[in-house]
Amino acid sequence: MPNSISDPPPADVATQVAAYVDALDQVIPAKQNQNLLIGTWNVRALNRLTPEWRSATGASPVRDLSNILCIAETLRRFDVVAVQEVGVDGEAFLAAHEALGSGWAFLLTDVTVGHAGNHERLAFMFDQRRLRPSGLACELVVAPEEAGVSTDVLGRQFARTPYAVSFARGEDVFTLVTLHIVYGNTADDRVGELDKIAQWMAGWAQGGDVWGKNLLALGDFNIDRQVDEDGNVDVLYEAFTGTGLQPPDNLNHVPRTIFDDPDPNAPPDQRHFYDQIAWFTGSGGPPALSLAYRNSGMFDFTGGLVPAGTTEQLSFRMSDHFPLWVEFDV
């Protein structure tokens with residue numbers, strides 16, 4: 001009979017997960033009455049799982065219940081977290097939600113079909129004891145007369161439509177826009193979507209919409225680097241920040257994937273800026289975010305925290321991306 005995520009884990013799994021939680025405690029701030037913690041995580045192929053506490057060699061999928069517990073403990077650190085790459089049946093996603101307990105809820109999109117969409121969903125997992133949806137849930141859709149995303153009328157949209165949901169914590173209301181930019185064959189394939197999303201968000205923030213006052217963009221932007229080999233601002237980073245969106249400086253100095261060189265002085269092609277959390281600061285653009293920024297960072301789950309035969313296997317057990325987080329005063 002298959003195991004369930006609600007079953008008590010074996011002693012070795014419990015010990016390993018406890019060590020994982022201790023590592024989280026050292027990096028991500030604890031939830032307090034006066035703080036708000038927002039995260040984003042591209043969890044690689046978060047779809048099926050093997051219902052065993054430790055998957056056997058050659059198992060497919062390799063992700064097992066012990067991995068789900070670690071994923072859930074990571075999500076637990078946040079008041080709300082945007083999750084990219086939720087699969088068609090979402091078995092692993094639902095198991096993580098079950099592990100979090102009854103105080104948690106989620107909102108997610110339908111599957112984005114087609115080759116570019118990769119059969120993915122975008123999701124928000126949130127702690128209902130700390131915040132609540134404030135009413136808005138929508139997808140970002142460009143007007144038919146606008147260009148810049150694709151050339152034909154029916155296809156003139158984003159391959160994976162960005163998903164926006166508003167939340168409230170006390171008197172503070174904010175809207176999160178999560179996305180997963182299509183990687184394409186070259187960097188040029190991403191410029192149009194990044195530029196259009198930045199323009200769309202700037203227009204929304206300046207348009208007088210009550211849900212557009214406090215916008216944050218977060219997700220996998222597939223930005224290769226901040227600067228190129230010549231020291232110039234990268235074209236993708238410029239498209240992302242060109243209308244005033246800015247990530248906190250802390251996030252400019254941390255690796256994004258388990259394959260990146262962790263050295264902040266590593267060559268640009270060995271460090272990426274794929275994942276981002278950004279908002280308008282009021283400098284030469286839309287009104288500034290009213291939430292008061294405290295801190296930000298990432299969580300590195302490598303270094304033996306999660307048993308895996310290789311780095312590639314770790315990417316399928318946990319993810320190839322690290323989770324990012326940002327903390328605000330409320």
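How many helices and strands are there in the protein chain? Colour by secondary structure and you get 6 helices and 12 strands, both taken as DSSP runs numbered from the N terminus (helices: H or I, at least four residues; strands: E, at least two).

Before going on, know that this is a predicted model, where local features need pLDDT of at least 70, side-chain atom pairs count only at pLDDT 80 or more, and totals for chains, interfaces and linings use all residues. Residues are numbered from 1 along each chain as its sequence is written, and side-chain values use heavy atoms, with hydrogens and water left out.

Zoom out to the whole chain. Its C-alpha atoms fill a box of roughly 55 × 45 × 40 Å along the principal axes.

Next, colour by accessibility: 54% of the 330 residues count as buried, meaning under 20% relative accessible area with a 1.4 Å probe, protein chains only.

Now select the open sheet of 6 strands, ordered E5-E6-E7-E8-E10-E9 with mixed pairing; strands pair if DSSP finds at least two bridges between them. Its edges are E5 (132–139) and E9 (245–246), each pairing on one side only.

Last stop: E9 and E10 (residues 275–280), which run antiparallel and are joined by 2 bridges. Pick Leu245 and look across to its bridge partner in E10, Phe280.

Definitions and conventions: Buried means under 20% relative accessible area, exposed over 50%, partly exposed in between (1.4 Å probe, protein chains only).
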